[in-house]
Amino acid sequence: MNIADKIVILHQAELQGNIWEKILHSQGLQSVILPFSVDLQGELLDLAAAQQSLPNLILLEQQLPSFDTAKFCQWMQSFEQPIPVILIAAQTRKVAPADRETAIANGAADLLPQFDLNSIAIEAVSGLKTVAKVLGNINIVNNTLVTCIMELKRELEAGQEFPVAPPVVSSNTPELKPPAPTVASPPPEAPAPKTRKYRGRDY
């Protein structure tokens, strides 16, 4: 599997991973979703041994089965080429400051909640801002982000499975730039039912 120079996503919920990938691709960021059973530590050691490029960032669900994320973050800090890790909490509600501080103390770059599908516009902007900051304050392209959010809202409201488009590549936009102006607020949220279905199941 090719994870070099990409953002790696490990999440049990397929929908959550797909949303992350779609948001990242709107900014021209290459990403790959790995099965949560993968031996990520082994994959990284193999890449390092072969002197190949490593991932740029890891988005990691905090409560994967048989995977100690705290130990992984601690191990990553001692790795020869540390990779920033953003942990994704099990809940959609706001992360408690104490939980975030604990995650950072264990070596994570940050701790984010899962996407709340009832407020996907706000969630997408917030998550992308965190990723942009961790990657060195890269520029956020507002128009492609807003387009991505509108597509996500339509697809989620329709309850359909959506494909992830190829990353948007801009030849005149460097990878790393000074902080961009504040992201324009997406269009206001339309009222939505509290319960949504994805693949026939309540979310």
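Visitor: What makes strand E3 count as mostly covered?

Guide: In this predicted model, five of the five residues of E3 are buried. Buried here means under 20% relative accessible area.

Visitor: Which way do the side chains of E3 point?

Guide: Leu57, Leu59 and Glu61 point one way, while Ile58 and Leu60 point the other way. In a regular strand, side chains alternate between the two faces of the sheet. In E3, the residues on both sides are buried.

Visitor: How do you know that E3 pairs with strand E4?

Guide: Pairing takes at least two bridges. E3 (residues 57-61) and E4 (residues 85-88) have four, and they pair in the parallel sense. Take two spots along the way: Leu59 stands opposite Ile86 in E4, and Glu61 has Ile88 as its bridge partner there.

Visitor: And what joins strand E1 to E3?

Guide: Four bridges again, with E1 (residues 7-10) running parallel to E3. Since two are enough to call it a pair, E1 and E3 qualify with their four. Here Ile9 stands opposite Leu59 in E3.

Visitor: What order do the five strands take in the sheet?

Guide: They go E2-E1-E3-E4-E5, in an open sheet with parallel pairing.

Visitor: What makes Lys22 part of a network?

Guide: Lys22 also meets Glu155 in a salt bridge, at 3.9 Å, N to O. That pair ties together parts that are 133 residues apart in sequence, as Lys22 is in H1 and Glu155 in H6. Lys22, Glu151 and Glu155 are therefore linked in a network of salt bridges. Both Lys22 and Glu155 are buried.

Visitor: How many salt bridges are there by this rule?

Guide: Three. One of them joins Asp110 and Arg100, at 2.7 Å, N to O. Asp110 lies in strand E5 (residues 110-112) and Arg100 in helix H4 (residues 97-105), so this pair ties together parts ten residues apart in sequence. Asp110, at 10%, is buried, whereas Arg100, at 36%, is partly exposed.

Visitor: What lines the second largest pocket?

Guide: There are 15 lining residues, and Val95, Leu111, Leu112, Pro113 and Ser126 lie nearest the centre. By class, the lining has eight nonpolar, three polar and four charged residues. The volume of this pocket is about 270 Å³.

Visitor: Which element gives the most to that lining?

Guide: H5 does, with five residues. H4, E5 and helix H5 (120-134) each supply at least two.

Technical notes:
Residues numbered from 1 in each chain as written. Predicted model: local features only at pLDDT ≥ 70, side-chain atom pairs only at ≥ 80, totals over all residues. Heavy atoms only, no water. Salt bridge = Lys/Arg side-chain N within 4 Å of Asp/Glu carboxyl O. Buried < 20%, exposed > 50% of the residue type's maximum accessible area, 1.4 Å probe, protein only. 1 Å grid on protein atoms, 1.4 Å probe; cavity = no way out; pocket = protein on both sides within 12 Å on 5 of 7 lines; lining within 4 Å. Points joined across faces, edges and corners; volume = space filled by probe spheres on them. Nonpolar A, V, L, I, M, F, W, Y, C, P; charged D, E, K, R; others polar.
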